[in-house]
Amino acid sequence: MNQVTQRKYRDEVETFLSRLETQARKLVALADVIEKTVDTTEVTGYRPFREEVDNFKALSLVITDRLAKLEKHPKKDELEEQFHKLQILMLRIVIKTSLKFFFVMSAKPVLPLGAREMFQSELRTLYEAERMISHPRYVSHLDEFAKDDLEVAKEILQEIIENAPALLNFSKRKKRKAPSRNAG
């Protein structure tokens, strides 16, 4: 690949890493809000955090693609290191915040409609986190507490999903009136 293309990819990675840092700051701020209000937070209060996690993951995929296209260069190693530090930060935030939120949700006698689907999505995210944690690049950066928290979060979430049909609150759903039929 020529130097112009390599420079373009490197510039893109730098720009995207800057955006990823901004996403990480948003995640930290949202996690802090959830931590402070976890006892009163409903599923809808957790959604902005989830959306930022999804945004972080999407941007991470783009960065991974661009990094793969960069040829071996000292700057590439530096960019990859910065990227992986942000991934570790995200993993820690997601595991810690999910665990707290799921613990509180598991104690609720009733879950709102749509909660089961959201929790199933969360379960997929936690399995992705588990896969990342087991990767040699990350394994040494996360302590046993993070790994244990991930396992507990998965167990709590699985329990919520299994109990969701019994916990769903159908009484809050608006009932539609049957259309009136005019004879004649």
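**View 1. α3 gives the most to the lining of the second largest pocket: 6 residues.** This is a predicted model, where local features need pLDDT of at least 70, side-chain atom pairs count only at pLDDT 80 or more, and totals for chains, interfaces and linings use all residues. Residues are numbered from 1 along each chain as its sequence is written, and side-chain values use heavy atoms, with hydrogens and water left out. On a 1 Å grid over the protein atoms alone, a pocket is an open set of points with protein on both sides within 12 Å along at least five of seven lines, a cavity is a set where a 1.4 Å probe fits but cannot get out, and lining residues have an atom within 4 Å of a point. The second largest pocket holds about 200 Å³, the space filled by probe spheres set on points joined across faces, edges and corners. α1, α3 and α6 (144-167) each supply at least two lining residues; helices are DSSP runs (H or I, at least four residues) numbered from the N terminus.

**View 2. The largest pocket comes to about 490 Å³.** Of its 21 lining residues, Thr64, Gln87, Arg131, Met132 and Tyr138 lie nearest the centre. Two or more lining residues come from each of α2 (43-69), α3, α4 (115-133) and α5 (136-139), with α3 giving the largest share, 7 residues.

**View 3. The count comes to 1 cavity of 30 Å³ or more.** The largest cavity has a volume of about 30 Å³. Ala31, Ile34, Glu35, Lys96, Thr97 and Lys100 line it, and α1 (3-37) and α3 (74-106) are the elements giving two or more of the lining residues.
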